[in-house]
Structures are given as C-alpha cells and as structure tokens.
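I opened the model to look up domains, a sheet and a helix pair. My notes follow.

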Amino acid sequence: MVVDIVTIFPQMIEPALAEGVVGRARTSGLVDVRARDLRDYTSDRHRVVDDMPFGGGPGMVMKPEPLFRAIEEISAERGAPTAVILTTPQGRCFSHAEAVRFSRMERLIVICGRYEGVDERVAEALVTDEISIGDYVLTGGELAALVVVDAVVRLVPGVVGDDASVAADSFADGLLDYPHYTRPAEFRGMKVPDVLLSGHHAEIARWRRDEQLRRTKARRPDLIGRADLLRRERHEGD
Ligand code: 6GU
C-alpha cells in the first residue's frame with residue numbers, strides 16, 4: 001500500500017510515522033507512507049497556500065492551485081490514487097468499517113485540511129472521501145490524518161504480526177474489548193479474577209464475552225444495536 005499525506009506541516013507527520021507498528025511496516029516494505037509538503041507544489045516566490053474567502057468572513061481558505069498540482073504530480077509519480085481523503089470536521093465520521101475499506105486500497109492520498117477549510121472545488125473535483133475523526137475541532141487535519149493512516153495501516157495484512165489480535169480488536173465484532181491482566185496475580189491488594197487463573201479455557205472465553213457485553217452496555221449502549229450479537233446475548237442481564 002502506498003500513502004501520500006499532503007500537508008503544510010510535514011514535520012508534524014514524519015516523526016509519528018517513524019515509530020512503532022507503522023514505522024516497522026514502512027522499514028519492512030509492507031507500506032510506503034510519505035509526507036508531502038504542500039508548499040513544494042506552489043509556483044510563487046512566497047510559497048503561498050492560502051487566501052481570503054470570497055464573500056468575506058473570518059479566517060483563510062486553502063487555495064486550489066497547489067492542491068491540484070500536488071494531486072496531479074503525486075498521481076503521475078505513484079499511479080492514480082484509489083481514494084483521495086480530505087480530513088475535515090465537515091466529513092463523515094471515521095470508523096472501523098471505514099478503516100477496513102481503506103485498508104483494501106492500493107494507493108491513498110490524504111489531504112490535511114487547514115485554516116477555515118479548502119476551496120470547495122478541491123473537494124468537488126479531487127476528493128473522494130471527506131473524513132472527520134469526531135465531534136470536536138482540531139487546529140488542523142494533520143492529527144486526524146495520522147489517526148486515519150494508523151488505523152488503516154495496522155489492518156494491512158502482515159503489518160500486525162498476530163492476525164488473531166486484529167480479529168479480536170475492539171469494534172471488529174462491534175463490541176468493546178474485555179479487561180486484560182498480567183502478573184502479579186495480586187498487586188497492592190487488587191486481585192486478578194480467579195477464572196483467568198483457572199486454566200478452564202471455555203470458562204475464560206465465556207467470562208471475556210460477558211465482560212465485553214457488560215462494558216459495551218455500560219459505556220457504549222449505542223453499539224449494542226449494531227453489534228454482531230446472538231439475540232440471546234442482546235438481552236442477557238436486562
Ligand atoms: Cl478531520 N479536522 C479538524 N480540523 N478537526 C477535526 C477533525 C478533522 N476531525 C475532528 N475534528
């Protein structure tokens with residue numbers, strides 16, 4: 001998978017991509033993720049990427065010319081993108097299902113929105129998916145782009161070593177994860193639940209499923225209707 005992240009702050013993106021699972025996926029060649037400085041695609045001496053909004057009002061708007069040139073040059077170099085994502089609070093909300101969909105694509109371009117937004121002609125002519133990461137406002141789309149790329153890259157086959165760990169993710173089956181414990185079995189008077197020390201695999205599996213349901217009902221009741229549940233489980237403990 002090839003991912004190009006178009007931004008006015010490449011220094012905000014690059015260190016994050018060098019660490020952890022994503023960093024390893026890049027050095028092992030499973031993914032090719034790069035930050036692209038939008039100013040490199042300007043044609044004026046001052047490398048200007050924004051301008052005042054037509055019609056007046058506060059703030060600045062990202063100019064169309066550098067973004068069109070960036071998408072065209074990156075497409076010529078890498079091949080036509082499968083999706084062009086714009087991170088913006090006006091987008092539809094990112095989800096595990098969206099991450100799965102993008103993880104099956106060969107070439108992604110992510111444009112980090114800044115200022116009051118991007119010229120609408122960019123959204124209309126270039127962007128295939130406008131994505132928000134939640135109902136709050138960030139100072140720019142860079143952190144959102146990192147969130148999207150992180151969630152997508154870890155789903156690319158081979159990136160996370162243990163497939164079972166990806167399959168057991170929170171949200172993979174529509175429920176929150178169960179609680180985890182490691183040694184010591186007792187710490188400052190707090191004990192690990194006996195069932196986890198019992199060695200009874202069927203009982204452990206049942207306890208974990210019950211905890212997933214209990215947590216999801218308590219913390220995210222909105223997920224219960226959508227989760228992939230047996231009818232019996234949906235009403236357990238009601
Ligand atoms: Cl994608 N961008 C900005 N600026 N703020 C956000 C967001 C994106 N998603 C949630 N808040």
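I took domain bounds from an automatic or database domain assignment. That assignment gives domain 1 (2–153) and domain 2 (169–237). I looked up the spacing: the C-alpha centres of domain 1 and domain 2 lie 37 Å apart.

Two notes on the source. I number residues from 1 along each chain as its sequence is written. The model is predicted, so I note that local features need pLDDT of at least 70, side-chain atom pairs count only at pLDDT 80 or more, and totals for chains, interfaces and linings use all residues; side-chain values use heavy atoms, with hydrogens and water left out.

Sheet next. Helices (H or I, at least four residues) and strands (E, at least two) are DSSP runs, numbered from the N terminus. Two strands pair if DSSP finds at least two bridges between them. I found 3 strands in an open sheet, ordered β3-β4-β7, with mixed pairing. The edge strands, β3 (50–51) and β7 (117–118), each pair on one side only. Strand β4 (residues 61–62) runs parallel to β7, joined by 2 bridges. I traced Met 62 to its bridge partner in β7, Val 118.

Then the helices. Axes are lines fitted to C-alpha atoms, for helices over the stretch in contact, with angles from 0 to 180 degrees between N-to-C directions. The axes of α1 (residues 10–18) and α6 (residues 142–153) come within 10 Å and cross at roughly 25°. That makes α1 roughly parallel to α6 (angles under 35 degrees). I listed the contact (heavy atoms within 4.5 Å): Met 12, Ile 13, Ala 16 and Leu 17 of α1 meet Glu 142, Leu 143, Leu 146 and Val 149 of α6.

Definitions and conventions: Angles under 35 degrees count as roughly parallel, over 145 as roughly antiparallel, 65 to 115 as roughly perpendicular and the rest as oblique.
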